[in-house]
Amino acid sequence: MLRGLLRWAARQGYLKSPPEISIKARRSPDNRRPSFEPHEFARLEAVSLSRLVDPIMDGTGAEVRASDRRSWRIKRLDDHTRRDRTLLHAYVMIGAFSGLRPTEMYNLTWGDVLGYRAGRKKSVDERDIRLQVWGKGKSGKAIPQKAAIPWFDTLWMLFERSLGREPVDSDPVFASETGKRITSVANGFTELLKAAGLERDHRGIKRTPYSLRHFYISEQLANGAEVLDVARNCRTSLVMIDKHYGQVRLERVVDRLRPEWTRA
């Protein structure tokens, strides 16, 4: 538009000759959040589960190398480490199948897991829960996938084993061995990502516990969930969904891009 204006001014005699204008167009930034592809999440899940059992005994034990170049061998997984890794695995599965923010997960109490107590004796197929969540200045109900339910059972079991009683409504869902609320799993999650070779995405961006939420949203969109429904269930806006998740890979939605229609 500016070039056109200057050329017009030159034709009208207001300018002897229009100046040269060089405009550099900036590339649109890649706003996609660091998530997981389905095969990557499957690897993360498998590696996480493998870390819950004792190392394969070959007479020497599993070798561990620290960042300061020290190394040692583990011959048996201690109960404290096993509990921490079990809680982390439950965190990964609940985050990936609910889309909750990390803060929302840390804030959960057993009273916020609506319908859980009434269905504890039933099979997963017969159960359903809702999550009353709050965090980051927002609150509301979230509807998780049923795949998250067994991992609430795991956290319930861990609480009973550590405290010798059932949790009450005011007890945190993610609790330490003493029943205190856990406020971060970032370090353990980073170690898990390193073990799985998934610390960074294909762009080199570092993954965080938030990546589980991004995985949930991306999978919901790729599998045909309505954008408005996903936004409401994740307590976010349509603008944020479009800005950060609008580029769900086309290969993932190829069937939706080939609807049944013919030219008249």
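Is R127 buried or exposed in this model? R127 is buried, at a relative accessible area of 5%, where buried stands for under 20% relative accessible area, exposed for over 50%, and partly exposed for what falls in between (1.4 Å probe, protein chains only). The model is a predicted one, so local features need pLDDT of at least 70 and side-chain atom pairs count only at pLDDT 80 or more, while totals for chains, interfaces and linings use all residues. Residues are numbered from 1 along each chain as its sequence is written, and side-chain values use heavy atoms, with hydrogens and water left out.

R127 has a partner in D153: the two form a salt bridge with their closest N and O atoms 2.9 Å apart, a salt bridge being a side-chain nitrogen of Lys or Arg within 4 Å of a carboxyl oxygen of Asp or Glu. This pair ties together distant parts of the chain, 26 residues apart, with R127 in the loop between α5 (116–119) and β4 and D153 in helix α6.

Of the 264 residues in the protein, 38% are buried. The protein exposes about 16500 Å², with carbon and sulfur atoms supplying 52% of it; accessible areas come from the Shrake-Rupley method with a 1.4 Å probe, and for residues only the protein chains shown count as cover.

Next comes the interior. A nonpolar core is a set of buried Ala, Val, Leu, Ile, Met, Phe, Trp, Tyr and Cys residues joined through side-chain atoms within 4.5 Å. The largest one has 41 residues, and those with the most contacts inside it are F36, F41, L44, F152, L155, F174 and L212. At least two residues each come from α2, α3, α4, β4 (130–135), α6 (149–163), α7 and α8, and the largest share, eight residues, is supplied by α3. Setting aside neighbours within four places in sequence, F36 touches F41, L44, F189, L193, L198, R207, S211, L212 and F215. A second, separate core holds eight residues, including Y216, L221, A231 and C234.

Twelve of the 13 residues of α8 are buried, so the helix is largely enclosed by the rest of the structure. Among those buried are R213, H214, E219 and Q220. The cover over the buried residues of α8 includes α2 (38–50), α3 (79–96), α4 (102–107), α7 (186–196), α9 (227–233) and α10 (238–245). After α8 comes G224, with a positive phi near 95°.

Back to charges: the count comes to nine salt bridges. R101 and E104 form one, with the closest N and O atoms 2.9 Å apart, and both residues are buried. R101, E104 and R235 are linked in a network of salt bridges. R235 itself sits in the loop between α9 and α10 and is buried, at 10% relative accessibility. Its phi is positive, near 55°, in a residue other than glycine. Most residues other than glycine have a negative phi. K136 is another non-glycine residue with a positive phi, near 60°; K136 lies in the loop between β4 and β5 (138–142) and is exposed, at 58% relative accessible area. In a further salt bridge, the side chains of R203 and D201 meet at 2.7 Å, N to O; R203 is partly exposed at 26%, whereas D201 is buried at 9%.

Finally, the surface. L2, L5, W8, Y14 and L15 make a nonpolar patch of about 540 Å². Patches are made of residues with over 30% relative accessible area and no salt bridge, like charges being joined within 9 Å and nonpolar side chains (Val, Leu, Ile, Met, Phe, Trp, Tyr) within 5 Å. L5 belongs to helix α1 (residues 2–11). In the loop between α1 and α2 lies S22, exposed at 68% relative accessible area. The C-alpha atoms of S22 and R3 are separated by 9.9 Å, with the two residues 19 apart along the chain.

Note on methods:
Helix = DSSP H or I, 4+ residues; strand = E, 2+ residues; numbered from the N terminus. Contact = heavy atoms within 4.5 Å.
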